[in-house]
Amino acid sequence: MPGRRGCTLPKLTPAEEACHLRIPERYRATQPPELPEVSELDVVRHFTNLSRLNFSVDSHLYPLGSCTMKYNPRICEKIAALDGFAGIHPLLPQLRGGGMLTQGALEVLYETERLLTEICGMGAFSLQPMAGAHGELTGIMLIAAYHRAHGNRRSTVIVPDSSHGTNPASAAMAGYEVVTVPSGPDGCMDLEAFKAVLNDDVAAVMMTCPNTLGLFEKQIHEIADLAHAHDALLYYDGANLNALLGHCRPGDLGFDVVHVNLHKTFATPHGGGGPGAGPVGVVPRLAPYLPVSQVVKRSDGTFALDYDCPKSIGYIAPFYGNFGVVLRAYAYLLLLGRNGLTEVADHAVLNANYVRARLKPYYDLPYDRTVMHECVFSALRQCAKGVHAIDIAKALIDEGFHPPTVYFPLTVKEALMIEPTETESKEAIDRFIEAMIRVARLAEADPAAFAEMPQSTPVSRLDETRAVKAMRFGV
Amino acid sequence: MSFVANTPAQCAEMLATIGVPDISALFDDIPPRFRVKHVDMPEGLSEAEVYDRLHRLSHRNAHELTCFLGGGFYDHFIPAAVDSLCSRGEFFTAYTPYQPEASQGTLQAIFEYQSAICRLTRMEVANASLYDGGTALVEAALMALRITGRTRIVLDSGVSPIYRHMMRGYTRNLSIDLDEIEVAHGQADRARLGAALGEHTAAVILQNPNFFGAVDDFSDIAAQAHAKGCLVIVSVYPLALGLLKAPGEMGADIVTGEGQSLGLPLSFGGPYLGFMATRMAHVRKMPGRLAGETVDRLGRTGYVLTLQAREQHIRREKATSNVCSNEALCALRSLVYLSVMGKQGLRDVAWLCAKKAEYAKQRLSAIPGVSVKRSAATFNEFTLELPIDASDAVARLVDRGIAAGFPLGRYYEGMSNYLLVAVTEKRTRAEIGHLAEALESVL
C-alpha cells in the first residue's frame with residue numbers, strides 16, 4: 001500500500017540536519033528501491049503464516065538421513081543473543097590491545113577448538129569454515145599447501161562413489177581432478193579398485209565414516225596405511241560424526257584432516273538451509289597451514305589472535321567463522337559433557353538399529369548389517385507396484401512426518417535413508433515406523449492412491465520441469 | 001544433559017527387538033584398538049550452570065563501547081520484529097527445503113528474498129545466499145572465469161583488503177592471474193584500470209562505497225570493460241542503496257555484497273550473509289541455490305529449488321560451486337528487515353547514516369591537525385588523517401568507552417596516521433560530540 005510503513009526512525013538534530021550532504025546527483029539513485037510498503041503487523045502476519053507452511057524439528061519428526069536433524073536446545077539461542085556476544089564488532093581484536101576487549105569471545109573460540117580437537121583426536125582445529133562444504137574446501141586447500149611445501153604438485157583426489165556431492169565439488173574447486181572408486185558388495189569402498197587408482201599423484205582420499213549407508217568402513221585403517229604409503233592424505237567428511245562421539249576418533253583411525261558440521265552433530269539449528277559451521281581439524285604436521293588468524297592461550301592465561309602464520313593458506317573467512325554458530329555448539333558441548341557425548345552416539349545408533357529391525361519385513365534392506373546412526377532401505381519392492389521412493393516420501397508428509405532422504409546414496413536404487421537421531425523417543429519413532437508400515441501396505445493394496453499425495457499440504461506435488469522452463473526467480 | 005529421551009525400560013525393549021544384549025554390541029564394527037578409552041572433557045552441566053558461565057564470559061567482551069568501527073560491518077539498528085519472526089522454530093529448525101510441499105514457508109521466503117535483492121541492486125536474478133560478502137566475491141570471480149573462458153581478474157584496491165586477502169588465498173591453487181590496481185586519491189584509478197583490461201581479462205572487480213568510504217559511479221569503467229568483452233563485478237554495501245545509484249544502473253554484470261547491515265547482529269564476525277545477483281543470461285553459470293516459482297497438480301502457485309543441475313549434489317565435480325549449506329536464516333532476517341523498513345524506511349535509514357556521517361566529518365575535521373582524506377563524496381564512512389599514529393589514538397579512546405574507528409595502517413602501507421570512521425543511524429549527536437572531544441584530547 002503506497003505510503004504505508006512498518007518502522008519509524010529517530011529524527012536528526014538541527015545541527016545534523018544543517019549539514020549539507022556532499023554526494024553529487026550522479027552518484028545517487030534516481031528512485032528508491034521498490035520494497036514493500038506495509039505495516040509492522042502486515043510483516044508479522046505474513047511471516048508467521050509463512051512459518052506455518054514449514055515442517056521443522058520443532059513441529060515434526062525429521063528423519064532426514066545424513067543431515068542429523070536433532071533437537072536444538074533453546075538455551076543455546078538465548079546465549080547467542082546475549083549483547084556481550086551478539087554486539088561485538090569483529091574488528092575489535094585487530095585494534096591495538098584489542099584482544100583484551102574480547103577475552104570472552106576468544107575463550108569461547110579457544111575452548112571449542114580444544115574440545116573438538118579432543119573429541120576428534122586431531123592436533124589442532126580452525127573454526128573459520130562457515131559450512132561443511134566450506135570446511136571441505138579448506139581441508140583440501142590445507143592438503144594442497146602441505147604437498148606444495150614438500151615440492152609436490154599432485155593432481156588428483158579420490159572419492160568413493162557413495163560420497164556426498166560436495167566432496168568432488170570441493171576437490172574440483174581447489175584445482176584437483178576427481179577419481180571415483182566404486183563400493184564393494186559389503187557397502188564399503190572396494191579395496192582392490194582403490195589400490196588400482198592409488199599412486200604418487202594422489203593428493204588426498206576423501207571418506208565418510210560411517211559411510212553414507214550408515215556402515216562403519218571396516219577397512220578404514222588399511223585405506224589410511226595405503227594412502228600414507230604414497231604420502232596421500234586421508235580426509236574425513238564429518239557429516240556422520242554423530243555416530244562415533246565418545247566411541248571412536250577419526251584421528252585414531254588414521255585421518256589427517258577432518259571437518260565437523262556444528263549444525264548437525266552439535267545441535268545448532270540449520271535455519272532452512274543455514275547458517276552452519278564446518279570447523280576443520282588437522283594432525284600436528286598440518287597445523288602450520290591452518291587459516292589466519294589462530295586463537296592462542298598465553299602463559300598468563302589470556303587469549304590472543306595470532307596473525308603471524310607464514311605457512312598458512314590465508315583468510316578463509318573474513319574473521320573467525322560463524323561465531324554465533326560456534327557459540328551455540330560450545331554451549332551444547334558444555335551441556336553434554338563427557339558422559340552426554342557418549343550417550344548421543346549410543347542412542348543415535350540404538351534408534352537407527354531399532355528402525356532397521358522393525359521396518360526390515362516391509363522394505364528391502366540392501367545391506368543387512370548392524371548400522372551406525374542411520375539406515376538405508378530401498379523401495380524396490382514397492383517399485384514393482386509402481387510406487388517409487390519419492391511417492392513414499394510424499395505419503396509420509398500426509399502422515400505428518402518429514403520424509404527420509406531419498407535417492408541418496410546413489411549406490412542404492414530407490415534409496416530411503418532414515419536417521420532418527422538420539423533426541424527422538426521410542427514413542428515418536430514407533431509412530432513413524434507405524435506410518436512407514438501403513439505406507440508399505442498401501443503400496444501393496446492401492447498403488448494408484450500415491451499419485452495424489454501429498455494432500456494435507458498447502459500445495460500438492462509441484463511441477464519441477466515447469467520451474468526450470470519458466471525461470472521465475474523473483475517478482 | 002544429552003537430550004536423550006529414551007528411558008532404560010524403553011532401551012531394553014528396543015534392544016530386544018534388535019536382538020542384541022546391550023548398546024555396546026551395536027558398536028562391534030569398530031575394531032577394539034580404535035575404541036576411545038577416555039575423553040578429556042568435563043562432566044555435563046545443567047542449563048542454569050551453562051547459562052551462568054556463558055553470561056559471565058559475555059561480560060568479558062567490551063560490548064558497551066560506542067561503535068564507530070566499520071570496515072564493511074556496521075552497528076545498525078535491528079527492529080524487534082526481525083528477531084521475533086526469525087526465532088520461530090518452524091523457520092530455524094527446518095532443513096534445506098528438499099521436500100518442497102513440506103517447506104513452502106522457507107521456499108517462498110527465499111523467493112521473496114531473491115526478489116528483494118534484485119530490487120535493491122537492480123539486477124535480474126539473485127541466488128538464495130552465500131556465506132558472506134567475501135566468499136560471494138570469490139564465487140563471482142570464479143563465475144566470471146566460467147562465463148568468459150578467460151584467466152585474468154583485475155581487482156581495484158578500493159575493494160576491502162579482507163576480501164582481497166581471501167581472493168588471493170582461494171585462487172592460489174588455480175590458474176588465475178590477479179592484477180591489483182592501486183586507487184588514485186582514494187578512488188578507482190580510471191587510467192590504470194583501463195590499461196589493465198585486455199583480451200584475457202574475465203572481469204574487473206570494484207566496490208561501492210570503497211574501503212575508504214568513497215562513493216563512485218562505475219558506469220564509465222563498465223562501458224570500457226564491456227568494450228573489451230570483460231565482465232564487471234561490483235561489491236556493494238546494501239544499506240547504501242537506499243540512497244546511492246544501484247550497480248545494475250551502472251552496467252554491472254555480477255553484484256555481490258555483505259548483508260550484515262540488513263538486520264544481522266555483528267556477532268563477532270558471523271553468521272553473516274553473502275548475496276549475489278546477476279543478469280538472467282548468466283543464471284546457469286551462477287553458484288548456489290535458487291528458488292523458482294511453479295504450480296502444483298491443481299494449478300496452485302508454489303515454490304521449488306530449481307536449476308539444480310548446476311549444483312554439487314547433481315553435477316558433483318562439474319558443479320558451479322561446492323556450496324550446500326548457505327545462510328538461509330540470515331537471508332530471512334534481511335528479508336524481514338527490508339520488509340519492515342520498506343521503501344521509505346530504507347531511504348530514511350540511508351539518509352540518516354549519510355547526514356550523521358557528514359556531521360561527524362565536519363566535527364572531527366575541525367580538530368586542529370585532523371583532515372578528511374582520500375574520500376571526496378562519502379556515504380556513512382570516511383577517512384581521516386591524524387597528526388599521530390591512528391592505532392595509538394584508537395587505543396587511548398578505548399579507555400574512554402569509544403571504538404573510534406579502524407586504523408588503516410593495518411592493511412595499507414604508509415597509512416599509519418589514517419583512521420576509518422563509520423557512523424550509523426544509531427550514533428547520536430552527543431556520541432559524535434563525545435568522540436570529537438575525546439579525539440582532540442588525545443592528539
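This is a predicted model: local features need pLDDT of at least 70, side-chain atom pairs count only at pLDDT 80 or more; totals for chains, interfaces and linings use all residues.
**Stop 1: chain B as a whole**

Select chain B. It holds 14 helices and 15 strands. Along the principal axes, its C-alpha atoms fill a box of roughly 80 × 55 × 50 Å. Of its 443 residues, 67% count as buried. Now look at contacts in chain B between residues at least 6 apart in sequence: 72% of these join residues at least 24 apart.

**Stop 2: Val154(B)**

Stay in chain B and select residues 152–156, which form strand β3. Val154(B) lies in this strand. Is Val154(B) buried or exposed? Its relative accessibility is 0%, so Val154(B) counts as buried.

Next, show what touches Val154(B). Leaving aside residues up to four places away in sequence, the list is Asp179(B), Ile181(B), Leu193(B), Ala196(B), Leu197(B), Thr201(B), Ala203(B), Val204(B) and Ile205(B). Then pick Gly198(B). It sits 44 residues from Val154(B) along the chain, and the two C-alpha atoms are 9.8 Å apart.

**Stop 3: the interface**

Show both chains. The contact draws 206 residues from chain A and 194 residues from chain B. About 17500 Å² is buried between the two chains, and carbon and sulfur atoms give 64% of that area. On the chain A side, select Tyr27(A), Arg338(A) and Phe473(A). These residues lose the most area to chain B, together 5% of what that side buries.

How many salt bridges does the rule find across the interface of chain A and chain B? There are 15. For one to view, select Arg96(A) and Asp389(B): their side chains meet in a salt bridge at 3.9 Å, N to O.

Now color the side of chain A that touches chain B. Helix α11(A) gives the largest share, 29 residues. By class, this side has 111 nonpolar, 52 polar and 43 charged residues.

**Stop 4: helix α14 of chain A**

Select residues 426–445 of chain A. This is α14, a helix of 20 residues. From first C-alpha to last it reaches 28 Å, close to the 28 Å expected at 1.5 Å a residue. Its buried residues include Ile429(A), Phe432(A), Ile433(A), Met436(A) and Val439(A), along with Lys426(A) and Asp430(A).

What covers the buried residues of α14(A)? From chain A, the cover includes α11 (323–359), α12 (380–383), α13 (389–398) and β12 (415–418). Finish by showing α1 (8–18) of chain B, which is also part of that cover.

Terms used. Residues are numbered from 1 along each chain as its sequence is written. Chains are lettered from A and ligands numbered from 1 in the order in which they are written. Side-chain values use heavy atoms; hydrogens and water are left out. Helices (H or I, at least four residues) and strands (E, at least two) are DSSP runs, numbered from the N terminus. The expected span of a helix is 1.5 Å times one less than its number of residues. Buried means under 20% relative accessible area, exposed over 50%, partly exposed in between (1.4 Å probe, protein chains only). Contact means heavy atoms within 4.5 Å. Buried area is the accessible area (1.4 Å probe) that two parts lose on being put together, summed over both. A salt bridge is a side-chain nitrogen of Lys or Arg within 4 Å of a carboxyl oxygen of Asp or Glu. Ala, Val, Leu, Ile, Met, Phe, Trp, Tyr, Cys and Pro count as nonpolar, Asp, Glu, Lys and Arg as charged, and the others, Gly among them, as polar.
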